[in-house]
Amino acid sequence: MHTIEKIGGTSMTDYESVRDNIINGDPKGLYNRVFVVSAYGGITDLLLEHKKSGQPGIYGLFSSSIEDDSWLEKFDVLRSKLRQINGSLFGDSDLLEEANLFLDERLEGAKKCLRDLQSLCQHGHFSLDAHLGTVREMLASIGEAHSAWNTSKLLQRDGVNACFVDLTGWRTSKHIPLDERIRDAFANIDLSQQLPIVTGYAHSDKGLLISFDRGYSEMTFSRLAVLTGAKEAVIHKEFHLSSADPRLVGADNAVPIGRTNYDVADQLANLGMEAIHPKAAKGLRQKNIPLRVKNTFEPEHAGTLITGDYISDSPCVEIIAGCKGVYALELFDQDMAGSIHDYDREVLSVIKRFKAHIISKDTNANTLTHFLSTNLKTIKRIQASIEEHFPEAELNQRKVAIVSAIGSDMQIPGVLAKAVQSISNKEIRVLAMHQSMRHVDMQFIVNEPDYDATVRTLHKALVEIHDHGTAICLAS
């Protein structure tokens with residue numbers, strides 16, 4: 001009867017809140033809990049690349065040039081940042097020296113690997129590209145190893161029987177499946193007497209980042225819940241899963257959702273506002289393990305409970321969410337009519353090659369438009385490649401925003417007309433819109449400067465008209 005719980009990077013930066021609000025919030029329930037921790041906020045950006053802007057971290061700099069040593073300078077920036085975190089957590093104590101020794105061993109080991117690989121790949125018989133996936137995995141592991149080790153030591157200092165569970169495979173000679181690594185690590189842990197603090201990154205023979213990229217810690221979290229038969233999976237974030245961003249609609253108007261289902265979680269993930277990665281949610285859903293999203297700084301609040309079978313008592317819109325910085329890539333070709341599948345297949349292969357995330361797409365007889373979450377550099381590469389395949393086609397791109405109305409059951413007569421009318425009343429231009437037959441979301445594509453106003457307008461028209469008290473109570 002244990003829970004598997006994940007602590008996000010922003011929450012991790014506030015150890016006292018993690019200790020008091022999450023771990024020691026209920027002294028009677030101190031054990032029979034497992035905590036999977038993310039790297040401290042911003043650290044994975046320094047290790048890999050900035051999640052939103054694409055600004056290169058150590059991995060980005062190392063992978064871009066075999067002879068450029070700018071990645072070494074980024075290592076110094078990273079070391080300074082991690083030591084600063086250690087100093088703020090441990091103060092002037094023996095534990096600080098121990099923490100810095102652990103950190104330096106990881107950093108120096110990674111740096112030596114990259115130097116050796118750089119030297120090796122300057123010979124013609126070895127290709128850097130063949131090893132970049134492994135480099136990315138190794139670098140990602142450093143952030144979670146650092147935060148998990150620190151948290152376990154701080155809890156031990158504060159009287160908790162915590163143990164550091166390192167799934168990173170550091171210096172391992174075995175490349176084993178993820179499930180086997182988890183089972184081996186937990187074989188001798190007594191959950192009734194110990195509190196495991198687990199690295200969000202886990203090494204496996206197939207590589208977590210290859211399949212899940214920055215969602216790897218959620219996959220570790222999910223597999224732990226499934227393999228250990230958890231009664232509930234819990235994610236602790238720095239905010240509630242609310243009906244909209246409180247900064248846009250006002251703190252008094254945005255309310256925690258309270259209850260919803262995995263369909264809604266998938267729609268949020270597609271927009272980049274992850275409650276949980278869809279593939280991680282799949283395992284929980286199949287095993288009927290409920291997922292609860294809680295606010296680190298409001299431990300007494302039940303948060304939002306996500307299950308597979310939940311449907312709202314009456315059809316309603318539960319959340320207004322969206323994303324800015326989306327690129328609409330439009331391909332027009334008169335020859336497309338009657339052969340759109342050929343065009344779609346070719347364009348999708350290009351988008352996949354450049355690893356751009358497709359949020360949505362629309363088609364008509366001679367036009368194919370993809371709405372992509374990526375950076376301008378990648379868009380230009382995709383555009384150039386498509387132009388090579390279809391030299392006579394017209395290809396245009398523009399920056400837009402997507403705002404979605406989402407709910408577990410939105411079979412509301414006239415809801416689309418009501419949404420469009422509310423937007424029109426604010427003189428906001430809708431560039432495109434989508435409503436699926438599954439009735440779990442409606443998407444409105446607008447000009448990027450209209451994003452905030454569209455969120456506020458739809459929230460007022462579709463969400464604020466309901467009494468949310470019942471939904472919140474159902475989460476408890």
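## Working through the helices of a predicted model

The chain carries 18 helices and 14 strands (DSSP runs numbered from the N terminus: H or I of at least four residues for helices, E of at least two for strands). This is a predicted model, where local features need pLDDT of at least 70 and side-chain atom pairs count only at pLDDT 80 or more, while totals for chains, interfaces and linings use all residues. Residues are numbered from 1 along each chain as its sequence is written, and side-chain values use heavy atoms, with hydrogens and water left out.

**Exercise 1.** Work out how α12 and α13 are oriented to each other.

*Step 1.* Get the angle: α12 (residues 262–270) and α13 (residues 278–286) pack at about 170 degrees, axes 10 Å apart. Axes here are lines fitted to C-alpha atoms, for helices over the stretch in contact, and angles run from 0 to 180 degrees between N-to-C directions.

*Step 2.* Apply the cut-offs: under 35 degrees is roughly parallel, over 145 roughly antiparallel, 65 to 115 roughly perpendicular, and the rest oblique. So α12 and α13 are roughly antiparallel.

*Step 3.* Find who touches whom, with contact meaning heavy atoms within 4.5 Å. From α12 come Tyr262, Asp263, Asp266 and Ala269; from α13 come Pro278, Ala281, Leu284 and Arg285.

*Step 4.* Sort them by class (Ala, Val, Leu, Ile, Met, Phe, Trp, Tyr, Cys and Pro are nonpolar; Asp, Glu, Lys and Arg charged; the others, Gly among them, polar). The α12–α13 contact has five nonpolar, no polar and three charged residues.

**Exercise 2.** Now do the α16 and α17 pair.

*Step 1.* Helix α16 (residues 415–425) and helix α17 (residues 451–462) pack at about 135 degrees, with axes 9 Å apart. That makes them oblique, therefore.

*Step 2.* Val415, Lys418, Ala419, Ser422 and Ile423 of α16 meet Thr454, Thr457, Leu458, Ala461 and Leu462 of α17. Those contact residues split into six nonpolar, three polar and one charged.

**Exercise 3.** Which residues does Leu95 contact, leaving aside neighbours within four places in sequence?

*Step 1.* Read off the partners of Leu95: Phe90, Lys153 and Arg157.

**Exercise 4.** Decide where to be careful with the coordinates.

*Step 1.* Check pLDDT (the predictor's confidence in each residue, from 0 to 100): the chain's mean is 91, and 96% of residues reach 70 or more.

*Step 2.* Spot the exception: over residues 469–476 the pLDDT is below 50, though this stretch has 18 contacts in the model beyond near neighbours in sequence.
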